Amino acid sequence: MAKKQTSDDTSQINTMNSIPKTYKNYINGEFPRTESGRYYSVEALDGKHIANIGLSTRKDVRNAVQAARKAQASWANKTAYNRGQIIYRIAEILSGRREQFTNEMVLLGYSKEAAELEINACNELIVYFAGWTDKIGQVFGSVNPVASDHFNFSRQESVGVVGIISPETPSLLGMLGLLLPNMVAGNSQVIIASKQFPLPSCTFAEVLATSDVPAGIVNIITGLKSELIPPISKHMDVDVLVGDCSLDIELRVMCELESASNMKKVYFWESFNSLEELNSSPNETISTCLHSLKDPYHILHVQEVKTTWHPISE
Amino acid sequence: MSEKNLSDQSTRSNQASISIDWSYANAPESTSHVSFSKHYGLFIDGSFTEYNENQSFESINPANGESLYRCTEANKSDVDAAVRAARKAFKGTWGTTSGTQRSHYLYRIARMLQERAREFAVLESMDGGKPIRESRDIDIPLAAAYFFYYAGWADKLAYAFPGKSPIPLGVCAQIIPWNFPLLMLAWKIAPALACGNTVVLKPAETTSLNALKFCELLQDIGLPDGVVNIITGSAKTGEYLVQHPDIDKIAFTGSTGVGKVIQQSIAKRQLPATFELGGKGAFILFDDAALNEAVEGIVNAIFFNQGHVCCAGSRLLVQEGVAEKVINLLKKRMQHLIVGDPLDKNTDIGAVNSKEQLETIQRYVNTGIQEGATCFESSGHLPTSGYYFPPTILTGVSQSSTVVQEEIFGPVLTIQTFRTTDEAIEKANNTPYGLANGIWTDKGSKIFYVGSKLKSGVVWSNTYNKFDPTSPFGGFKESGKGREGGISGLHAYVKLDHNGGMY
C-alpha cells in the first residue's frame with residue numbers, strides 16, 4: 001500500500017486484468033464445474049477463442065433441481081416487501097457491471113448500441129417486477145361473495161420449481177423476461193442458458209451471487225438444449241416449464257409431451273427477437289420486447305390460485 | 001292446539017319406554033312429472049340427429065341395474081359435424097352476438113334450469129345414482145347459479161382483465177365426468193359462452209341424460225344453432241373430439257390418467273387446455289376442534305355423492321390424542337347413514353355410478369386389506385339389486401399404502417394419525433395430487449398457517465365440499481391446470497391481447 005507504484009506494476013495489473021475467466025454453472029449459490037468434464041468453445045466474431053463453456057448433463061440438472069426445491073419454500077414465505085427489495089437489489093448490482101456485460105455481448109456479435117440498450121432494458125425490467133411482489137395479490141386476488149355463510153378468498157401462490165429454457169437472443173433480456181415473473185411468483189428455478197450467448201448468463205450468475213438472492217432460488221446451467229431439455233422436462237420434481245417459441249419445434253414438443261408425466265404447466269411465450277433484428281434496429285426491437293415483457297399476466301401463469309373457505313357464525 | 005301438542009308429547013314419551021322402530025318410512029320422490037325419451041340422437045347445430053339403433057349404447061339406472069335409455073355413440077363424422085356446426089356458429093351468429101345478448105341467453109338458461117329444477121334433479125338421480133337430496137339441493141341449484149353468475153360476466157369481460165382485451169378462443173372441446181353431470185356441464189358451458197366461444201361437449205358415457213335434456217331447454221330459449229353441441233359416446237368419441245384439427249381449446253374433467261394421455265396427445269398442437277383431474281384430499285383434524293361437528297364434516301367430506309368426488313376428503317389425518325375418540329364417534333355415525341334408493345329423500349348414500357366403478361372400489365378395499373389395513377364397514381342394509389357400497393373406513397394404513405396414495409372415488413376413508421402440525425402438513429402434501437384439503441381446528445392462526453402450506457387449490461377450514469360459482473376451483477400438481485369458477489374461470493376461455501393501456 002505504502003509502496004510507490006512503478007510503471008512495471010501498472011503493466012502487471014493490466015496483464016492480470018486480461019486473465020480469461022472460466023465460466024461455470026451456478027447451482028445452490030456456488031459455481032461448480034459440470035460433472036461431465038465436457039465443454040464447447042465460444043468464439044468471437046473474428047473466430048478468436050473466448051471461452052470454454054461446460055456441457056452440462058442430467059446430473060447437473062438433478063443437482064440444480066434439488067437445490068431449487070430445497071430453497072423454494074423459504075423464498076415463497078418471505079414477505080412480499082422483502083422479495084421486492086431483493087429483486088430490486090439485483091438491478092443495483094447489475095448496474096455496477098454494465099461494462100462487463102457490454103464487453104461480453106459486443107465480443108459475441110452485439111453492436112455496442114444494442115448491448116447497451118439491452119442492459120438498460122434489463123435494469124428497467126428488474127425494477128418493474130420488483131414492484132409487483134406486493135401488488136399482484138391485490139390486483140388479481142379476490143374475496144368471493146359466495147351464497148352461503150362463509151368467508152371465501154382466493155390468492156395467488158407459488159407453484160414450486162420452474163425449468164426455464166432461455167431464448168438464444170436477446171441473451172440477457174430474454175432470460176430475465178422469463179426469470180423475473182417467476183421470482184415475483186415465489187418460485188425457484190433452474191435456467192438453461194442461451195447456448196449461442198452463454199457469457200451474459202454466466203456473468204448474471206455473478207450478479208446473483210453478490211446480491212441478496214438466497215442460494216438455490218436461481219440456478220443457471222450451460223450446455224446443449226437438446227441434452228438438457230429431456231432431463232428437465234421429465235423431472236418429476238419440476239412443476240413448470242417456461243420457454244419461448246423460438247425454441248426448436250421438436251424440443252418444444254418434447255417439453256409438452258414429457259411434461260405430462262407429472263402434469264407440469266408448460267408456458268411458451270411468443271418468440272423473442274433475433275440478433276439480426278437487435279442489431280439492425282436496436283431501439284425499436286428492445287422497446288417492443290420490453291413492452292411485451294412488462295406484463296403482470298406473466299406472473300399469473302406461473303402461480304396457482306388457492307381458494308380458502310371458512311364458516312361465519314356466532 | 002297447545003293441548004294437542006302436549007298430548008302428542010305425552011304419547012311420544014310413552015312410546016319411548018316401549019321398543020320402537022326408529023327407521024324412516026320410505027319417502028320416494030315422485031317420477032311422475034319427468035319424461036325422457038327411450039333413445040336419443042346427438043344434438044348438433046340446434047337439432048337432434050336421427051337415432052340409429054346400430055350406433056347406440058345403453059345407459060342403465062345404477063339403483064336397480066335396469067336399462068334407462070339408449071343414446072348415440074358419436075363417430076368420427078358425427079364429431080366432425082359437431083365441430084363444423086360450432087365453427088360456423090362462432091364465425092357467424094354467435095361471433096356477432098354482443099356481450100349483452102350473450103348475457104341474456106345465459107340468464108335465461110339459468111332461469112329455465114330453476115323452473116325445471118325438480119325434473120332435472122329426479123333425472124340426475126335416476127341416471128347417476130346420487131341421492132335425490134343432493135341432486136335437488138346441490139347439483140341442480142348450483143348448475144343454475146353458475147349460469148346466472150357467468151351470464152353477468154358476458155358484458156363485463158374488460159373488467160375481469162385489467163390492461164388487456166379479452167378475445168374468445170373459438171371452438172371449445174369439453175369433456176365431463178359422471179359424478180356431477182349437469183353441474184359439470186354448467187361449469188364448462190357457462191364461462192365458455194360468456195366469453196363468446198362455441199362448444200362441443202361430450203358427457204360421460206354413463207350419464208348423458210341431463211345433457212340431452214338440457215338441449216331441449218336450449219331449443220326452448222332459442223339459443224342460436226351450433227353454439228352448443230352435445231355429442232354422446234365413449235372414450236373413443238372423446239378421442240375423436242380432442243384429436244379434431246379444428247378445435248381451439250380443450251377443457252377436460254376426469255381422471256389424472258386420462259388427463260395425461262390428453263396432454264400427450266396434443267403435445268404438437270400448442271392448444272390451450274385446462275384440466276380438472278383427480279384428488280386425494282386430506283381432512284386434517286386437530287385435537288382442539290369441536291369433535292362432533294368435525295365428525296359431521298368427515299361424513300360430508302367422504303360420503304357425499306358416494307365419495308365420487310374428485311375433491312373428496314378421502315384421507316383423515318387425526319391428531320393422536322383424539323384419534324380413538326374420533327374413530328369411535330365416526331363408526332357410530334356411519335351406522336346411521338342410510339344407503340339405498342337414490343330417489344328416497346332419506347337416503348344419505350345412493351348407488352355407485354356403475355358396475356365398473358363398484359368393482360374398482362372393491363378392488364381398492366381388498367388391496368388395502370392385503371397391505372395390512374383394518375377395514376370397518378357400516379353394517380346397514382344394502383339393496384339387493386343395483387350397485388351399492390357401504391360407508392367404509394380403513395385404519396392401520398401408512399403413507400405409502402396404495403389406498404392412501406391413489407384415488408378410490410368411492411365411500412372409502414383412510415385414517416392416519418399425526419402428532420405435530422408440521423407432520424400433518426407433510427402427510428397432507430405427500431401424494432401426487434393437490435386439489436383440496438380440509439383443516440379442522442378452533443384456532444384461527446393455525447388455519448392460516450396450515451392453509452398457506454397446503455399444496456392444494458382449495459382449502460376448506462371447518463367445512464368441506466362447499467362450492468360456489470364465485471369461488472375458483474382447481475388443482476395444484478397432478479390435480480390439474482387452470483381454475484373453474486370466479487374470475488379465474490374466465491381466464492380459461494379467452495386470449496388476452498396486450499393492449500398496452502397499463503404500460
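1. Helix α4(B) is largely enclosed by the rest of the structure, because nine of its twelve residues are buried. Buried here means that 20 or more other C-beta atoms lie within 10 Å of the residue's own. The buried residues are Phe120(B), Ala121(B), Val122(B), Leu123(B), Glu124(B), Ser125(B), Met126(B), Asp127(B) and Gly128(B). Bear in mind that this is a predicted model.

2. The geometry of α4(B) is close to expectation. From first C-alpha to last, its twelve residues reach 16 Å, close to the 16 Å expected at 1.5 Å a residue. Gly129(B) follows the helix, with a positive phi near 95°.

3. Chain B has a domain 1, made of 39-277 + 480-496, and a domain 2, covering 282-471. Their C-alpha centres lie 29 Å apart. Contacts join 25 residues of domain 1 of chain B to 24 residues of domain 2 of chain B. On the domain 1 side, the elements giving two or more residues are α4 (117-128) and α5 (132-153) of chain B. Helix α5(B) gives the most, with seven residues. By type, the residues of this side are eleven nonpolar, nine polar and five charged.

4. The partner of β11(B) is strand β10 (residues 249-253) of chain B, paired in the parallel sense over four bridges. Within that pair, Thr253(B) stands opposite Glu276(B).

5. Chain A holds an open sheet of five strands in the order β7-β6-β5-β8-β9, with parallel pairing. Its edge strands are β7 (218-221) and β9 (265-269) of chain A, each pairing on one side only. Direction ignored, neighbouring strands are turned by 15° against each other on average.

6. Within that sheet, β5 (residues 161-165) and β6 (residues 188-192) of chain A pair over five bridges, in the parallel sense. Ile164(A) has Ile191(A) as its bridge partner in β6(A). Helix α9 (residues 225-234) of chain A packs on the sheet, touching β5, β6, β7 and β8 (240-244) of chain A. The direction of α9(A) makes about 155° with that of β6(A).

7. Next, the contact between the chains. Here 30 residues of chain A are in contact with 37 residues of chain B. The chain A elements giving two or more residues are β4 (150-158), α10 (249-259), α12 (282-293) and β10 (303-311). Which of them supplies the largest share of the chain A side? Strand β10(A) does, with eight residues. The residues of the chain A side divide into twelve nonpolar, twelve polar and six charged.

8. Strand pairing also crosses between the chains. β10(A) pairs with strand β18 (residues 458-461) of chain B in the parallel sense, over three bridges. Thr308(A) stands opposite Val459(B) in β18(B). Strands of a sheet pair through backbone hydrogen bonds.

Definitions and conventions
Residues are numbered from 1 along each chain as its sequence is written. Chains are lettered from A and ligands numbered from 1 in the order in which they are written. This is a predicted model: local features need pLDDT of at least 70, side-chain atom pairs count only at pLDDT 80 or more; totals for chains, interfaces and linings use all residues. Domain bounds come from an automatic or database domain assignment. Two residues are in contact if their C-beta atoms, placed from the backbone, lie within 7 Å. Ala, Val, Leu, Ile, Met, Phe, Trp, Tyr, Cys and Pro count as nonpolar, Asp, Glu, Lys and Arg as charged, and the others, Gly among them, as polar. The expected span of a helix is 1.5 Å times one less than its number of residues. Two strands pair if DSSP finds at least two bridges between them. Axes are lines fitted to C-alpha atoms, for helices over the stretch in contact, and angles run from 0 to 180 degrees between N-to-C directions.
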